[in-house]
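User: I would like to learn how to read a few features of a protein model. Please take them one at a time.
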Amino acid sequence: FLPNSRRFVYLVLSARAEHEGIYLGSLDEPHLKVRLVASAANAQIGTGADGQPNLIFLNDAGALVAQPFDEAQERLSGDPVVVASHPVTAGPSVRAAAFTAAGRVLAYRPRFAPA
C-alpha cells in the first residue's frame, strides 16, 4: 500500500508479456489498473529521502532500483536510482525477489537461495 492511501501495487504474471508487470490498484476505484513497470518480479513501495513514495523493483540487470512515484499522476517519475547493485534475483518458482521495504528501510538478500 502507498503511505496514507488505499492504493497499492501488485504483480501480474501472464503468458502474454504485454500483460505482465507491476500495476497500481485501488480499494476505492476497483477499475483502476495502471501498469507501472513491465516486470516478472515483485515490487515494494518505500519512502525516498524527500519523504515521497518510491517504487522499489528489479531492473533488467538484476539491480534493485528505486524510482519516485507520482500518485496524483498515477505514474513513475524521474529516473530510477540503483540502491543495491549486487544481483537480487527472484526465486525460480515464485518470482519473488528477496527484498522488502518499509518507509525508508530496505532489507534485501543479494542472491535467492532456496531453503
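Analyst: Start with contact, which means heavy atoms within 4.5 Å. This is a predicted model, where local features need pLDDT of at least 70, side-chain atom pairs count only at pLDDT 80 or more, and totals for chains, interfaces and linings use all residues. Residues are numbered from 1 along each chain as its sequence is written, and side-chain values use heavy atoms, with hydrogens and water left out.

User: Which residues does Leu55 touch?

Analyst: Residues up to four places away in sequence are not counted; beyond these, Leu55 touches Val9, Ile22, Leu36, Val37, Ala43, Gln44, Ile45, Val65, Ala66, Gln67, Phe69 and Leu76.

User: How do I read a nonpolar core, and which residues have the most contacts inside the largest one?

Analyst: In soluble globular proteins, nonpolar side chains tend to be buried together. A nonpolar core is a set of buried Ala, Val, Leu, Ile, Met, Phe, Trp, Tyr and Cys residues joined through side-chain atoms within 4.5 Å. Buried means under 20% relative accessible area, exposed over 50%, and partly exposed in between (1.4 Å probe, protein chains only). Here the largest core has 14 residues, and Leu36, Val37, Leu55, Phe57 and Leu76 have the most contacts inside it. Strands E2 (21–26), E3 (34–37), E4 (43–47), E5 (53–58) and E6 each give two or more residues to this core. Strands (E, at least two residues) are DSSP runs, as are helices (H or I, at least four), numbered from the N terminus. Another core, of ten residues, lies apart and includes Ile56, Leu64, Phe99 and Ala101.

User: How are aromatic pairs read, and how many are there?

Analyst: A pair of aromatic rings is described by the distance of the centres and the angle of the planes. Rings of Phe, Tyr and Trp (its six-membered ring) pair if their centres lie within 6.5 Å; planes under 30 degrees apart count as stacked, over 60 as edge-to-face and the rest as tilted. The whole structure has three such pairs. Phe8 and Tyr10 are tilted, because their planes stand at 45°, with ring centres 5.7 Å apart. Tyr10 and Tyr23 are stacked, at 5.9 Å centre to centre and 25° between the planes.

User: Is Tyr23 buried or exposed?

Analyst: Tyr23 counts as buried because its relative accessibility is 12%.

User: What does a positive phi tell me?

Analyst: Most residues other than glycine have a negative phi. Asn4 has a positive phi of about 55°, and Asn4 is exposed at 86% relative accessibility.
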